[in-house]
Amino acid sequence: MTEKSLSQMRICFLGESFVNGTGDPECLGWTGRICVNAQNKGYEITYYNLGVRRETSTELRNRWYREASYRLPKECDGRIVFSFGVNDTTIENGKTRVAVEDSIDNIRNILSQAQQLYPVLMVSPPPCTDEAQNQRIANLVQEFALVCQELNIPYLNIFQYLQKSTIWREEARNYDGAHPRAGGYREFAQLVDRWEAWQNWFI
């Protein structure tokens, strides 16, 4: 990558409250941390956090292009990292907010369009502290993996790691039952930082 294109790299992070970094007293979340680390390594990037609390994949499908294209003009090296799905699995009025088949249709629609315009990465939804919901999230994680494999989009399954994380579970349990504090987001960020697909953006 040339020095000019590095200086123009703009990255949009799109998803829900875990992208937003809800619960982190340092207001960085995992997205802010990986961008700080990239900057510390000498890569000049512009970072857009476009996480929206309580947003489902259906709602994201309706807004992502408008928001990303406004921030990623063609003359710049624009990139997108998506991470969503937890809110789809929340039970409201006796059913999940988004049916599994609709979540799969949404991710296929979002990613297939986005990859025609930008380099794209997908990070799986993380776990929460409700075991029944975690089973639903785990199912969605696997379904999302299949779609990403089909579209040849790099996919990082952070669910399997964070589900075993004592820090993630305890911070979320002691906060609001879903979101961690700084320590949990730090663990999340470390997983992404070590991900080859993310590192390859800076070669």
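# Briefing on a predicted protein chain

The protein chain exposes about 9700 Å², of which carbon and sulfur atoms supply 45%. The structure is a predicted model. Ten helices and seven strands are found in the protein chain.

**Overall form**

- The C-alpha trace of the protein chain spans about 50 × 35 × 25 Å along its principal axes.
- A compact globule of 203 residues would have a radius of gyration near 17 Å, and the 16 Å of the protein chain agrees with this.
- Of the 203 residues in the protein chain, 51% are buried.
- Among contacts with a separation of 6 or more in the protein chain, 76% are between residues 24 or more positions apart.

**Aromatic rings**

- A pair of aromatic rings is described by the distance of the centres and the angle of the planes.
- In the whole structure, a search finds 14 aromatic pairs.
- One of the pairs joins Phe82 and Phe84, whose ring centres are 6.3 Å apart; their planes stand at 90°, so the pair is edge-to-face. An angle over 60 degrees is what places a pair in that class.
- Phe82 has a relative accessible area of 0% and is therefore buried. Phe84 also counts as buried, because its relative accessibility is 1%. The cut-off for a buried residue is under 20%.
- A further pair consists of Trp168 and Phe188, with ring centres 6.0 Å apart and planes at 50°, so this pair is tilted.
- The pair of Trp168 and Phe188 links distant parts of the chain: Trp168 belongs to helix H8 (residues 166–175) and Phe188 to helix H9 (residues 182–193), and the two are 20 residues apart.
- Both Trp168 and Phe188 are buried.
- Trp168 and Phe188 are members of one aromatic cluster, which also includes Phe13, Phe18, Trp30, Tyr43, Tyr47, Tyr185, Trp198, Trp201 and Phe202.

**Two residues with positive phi**

- Most residues other than glycine have a negative phi.
- Cys27 is not a glycine, yet it has a positive phi of about 60°. Cys27 is placed in the loop between helix H2 (17–20) and helix H3 (29–40).
- With a relative accessible area of 69%, Cys27 is exposed, since the cut-off for an exposed residue is over 50%.
- Arg54, which is not a glycine either, has a positive phi of about 70°. The loop that holds Arg54 runs between strand S2 (45–51) and helix H4 (57–71).
- Arg54 counts as partly exposed, because its relative accessibility is 48%.

- Pro25 and Ala182 are 157 residues apart along the chain, while their C-alpha atoms are separated by 6.5 Å.
- If neighbours within four places in sequence are left aside, Pro25 is in contact with Arg181 and Ala182.

Technical notes. Residues numbered from 1 in each chain as written. Predicted model: local features only at pLDDT ≥ 70, side-chain atom pairs only at ≥ 80, totals over all residues. Heavy atoms only, no water. Helix = DSSP H or I, 4+ residues; strand = E, 2+ residues; numbered from the N terminus. Rg over C-alpha atoms; globule rule 2.2 N^0.38 Å. Buried < 20%, exposed > 50% of the residue type's maximum accessible area, 1.4 Å probe, protein only. Contact = heavy atoms within 4.5 Å. Areas by Shrake-Rupley, 256 points an atom, 1.4 Å probe, with all protein chains shown as cover. Phe/Tyr/Trp six-rings, centres within 6.5 Å; stacked < 30°, edge-to-face > 60°.
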